[in-house]
Amino acid sequence: AGVILLNNFDFYTGSTDMVRFEMWTRLGSYQEHKGTYEGWDLIAEGETEGRGIGRYTSIPDDMFTKVSIPGGGGEGGTR
């Protein structure tokens, strides 16, 4: 199975003000890890200017840790 590399990420916000963000990930299933930070890795956090309605806001490269997603996942997720 192949691998996907996440090397940047965009999100949507209706705001054009400065917005705070966090992005978390985990290797393996998330199903037993909902509602807790245990077992999760913080891969992006900071504050950036939102681009507003109808436009994606990019997480700046210096605020984002690149991660890979191994292939062969299922309904429970792989990352």
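Student: How do strand 3 and strand 4 (residues 41–49) pair, parallel or antiparallel?
Tutor: They run antiparallel, with eight bridges between them. Strands here are DSSP E runs of at least two residues, numbered from the N terminus, and pairing takes at least two DSSP bridges. This is a predicted model, where local features need pLDDT of at least 70 and side-chain atom pairs pLDDT 80 or more, while totals for chains, interfaces and linings use all residues. Side-chain values use heavy atoms, without hydrogens or water, and residues are numbered from 1 along each chain as its sequence is written.

Student: What's opposite Met23 in strand 4?
Tutor: Ala44.

Student: And which residues of strand 3 are on its covered face?
Tutor: Val19, Phe21, Met23 and Thr25. The uncovered face has Met18, Arg20, Glu22 and Trp24.

Student: Ok, the core. Which residues are in the largest nonpolar one?
Tutor: Nine of them: Phe11, Val19, Phe21, Met23, Ile43, Ala44, Ile59, Phe64 and Val67. A nonpolar core joins buried Ala, Val, Leu, Ile, Met, Phe, Trp, Tyr and Cys through side-chain atoms within 4.5 Å, and buried means under 20% relative accessible area with a 1.4 Å probe, protein chains only.

Student: Where does the largest share of this core come from?
Tutor: Strand 3, with three residues.

Student: What does Ile43 touch?
Tutor: Leaving out residues up to four places away in sequence, Met23, Thr25, Met63, Phe64, Thr65 and Val67. Contact is heavy atoms within 4.5 Å.

Student: New topic: how many helices and strands are in the chain?
Tutor: Zero helices and six strands.

Student: How much of the chain is buried?
Tutor: 24% of its 79 residues.

Terms used: Buried < 20%, exposed > 50% of the residue type's maximum accessible area, 1.4 Å probe, protein only. Helix = DSSP H or I, 4+ residues; strand = E, 2+ residues; numbered from the N terminus.
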